[in-house]
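Colleague: I would like to learn how to read a model like this one. Could you take me through a few features, one at a time?

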Amino acid sequence: MARILIVEDEARIASFVAKGLTAEGHQATVAEDGPTGLDLALGDDFDLVVLDIGLPGLDGFEVLDQLRSQGSRVPVIVLTARDSVTDTVNALESGADDYMPKPFRFAELLARVRLRLRQHDDSGSTRDDVLDAGRVSLDVRTRRATVDGRLVDLSAREFMLLEIFLLNPGQVLSREQLLDHVWGFDFDPGSNVVDVYVGYLRKKVGSDRIATVRGMGYRLVP
Ligand code: CA
């Protein structure tokens with residue numbers, strides 16, 4: 001169980017995220033404006049903060065900035081507008097650990113939450129920074145992948161693609177989910193970029209390891 005703070009002024013989104021995290025066994029607290037969120041984040045011992053950008057009182061950038069300048073190292077996942085590349089870049093530069101473009105599916109946020117909690121828990125140890133399925137493994141800190149014990153060189157996009165497969169082993173991931181995770185805000189939904197990159201990744205990890213599920217998407221074969 002982790003203690004997670006959600007700073008989000010849109011009640012619908014806050015409650016959808018809080019319910020989902022509670023169902024996963026976490027303890028969720030919601031703050032509806034920037035100042036309350038900042039107070040809670042500084043005063044309480046949260047394991048993770050999910051932070052919206054557009055907030056009353058103080059916006060997400062100001063909250064993040066004050067949090068970091070007061071020495072808090074709590075992992076922060078920022079909720080950004082899908083069409084705002086600037087927001088995303090600013091958020092990462094202000095010390096956010098990750099971002100989630102809105103709108104998102106809960107499963108996508110949960111994958112990011114799990115990854116951040118795991119990295120934070122085990123800072124210092126490398127073993128738990130490693131995602132693996134069968135003979136494919138990925139060290140999320142050093143960004144190195146190994147296949148059958150052999151080191152494989154991945155581009156940034158290939159890394160993110162393999163990461164989402166490893167976070168969801170055996171599950172079918174749609175092209176849309178893969179686009180969301182890897183390309184986020186700057187993709188053309190009509191393009192075949194996912195298929196092209198799955199092709200690149202197959203060449204590196206073995207073509208039988210990523211199965212095509214006709215009409216649905218792709219699945220990592222554990
Ligand atoms: Ca908002």
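Predicted model: local features only at pLDDT ≥ 70, side-chain atom pairs only at ≥ 80, totals over all residues.

Modeller: Residues are numbered from 1 along each chain as its sequence is written, and side-chain values use heavy atoms, with hydrogens and water left out.

Colleague: Which residues of helix H2 are buried?

Modeller: Buried means under 20% relative accessible area, exposed means over 50%, and partly exposed is in between, with a 1.4 Å probe and protein chains only. Helices (H or I, at least four residues) and strands (E, at least two) are DSSP runs, numbered from the N terminus. In H2, residues 34-43, the buried ones are Gly 34, Gly 37, Leu 38 and Ala 41. They lie on the same side of H2, because they cover an arc of only 95° around the axis. That arc is taken from the directions from the helix axis to the C-beta atoms. Asp 39 and Gly 43 are exposed, on the face of H2 turned away from its buried side.

Colleague: What covers the buried residues of H2?

Modeller: Contact means heavy atoms within 4.5 Å. The cover includes strands E1 (3-7), E2 (27-31) and E3 (48-52), together with helix H3 (60-69).

Colleague: How do I read the packing of H2 and H3?

Modeller: Axes are lines fitted to C-alpha atoms, for helices over the stretch in contact, and angles run from 0 to 180 degrees between N-to-C directions. Angles under 35 degrees count as roughly parallel, over 145 as roughly antiparallel, 65 to 115 as roughly perpendicular, and the rest as oblique. For H2 and H3 the angle is about 25° and the axes are 10 Å apart, so the two helices are roughly parallel. Residues Gly 34, Leu 38, Ala 41 and Leu 42 of H2 meet Val 63, Gln 66 and Leu 67 of H3.

Colleague: At what angle do H6 and H8 pack?

Modeller: H6 (residues 156-167) packs against H8 (residues 193-205) at about 80°, with the axes 10 Å apart. That makes H6 roughly perpendicular to H8. Among the residues of H6 that meet H8 are Leu 161, Leu 162 and Phe 165.

Colleague: And H6 with H7?

Modeller: Here the angle is about 125° and the axes are 9 Å apart, so H6 and H7 are oblique to each other. On the H7 side, the contact is made by Gln 177, Leu 178, His 181 and Val 182. H7 (residues 175-182) is largely enclosed by the rest of the structure, because six of its eight residues are buried.

Colleague: Where does Thr 80 lie?

Modeller: Thr 80 is in strand E4, residues 76-81. Its relative accessible area is 0%, so Thr 80 is buried. Leaving out residues up to four places away in sequence, Thr 80 touches Asp 87, Thr 88, Tyr 99, Met 100, Pro 101 and Lys 102.

Colleague: Which residues are the protein donors of the calcium ion?

Modeller: Donors are N, O and S atoms within 2.8 Å of the metal (3.2 Å for Na, K and Ca); water is not among the atoms, so sites may look incomplete. The protein donors here are Asp 9 (OD), Asp 52 (OD) and Gly 54 (O), lying 2.1 to 2.3 Å from the calcium ion. Their spacing in sequence is D-x42-D-x1-G. Asp 52 counts as buried at 5% relative accessibility, whereas Gly 54 is partly exposed at 45%.
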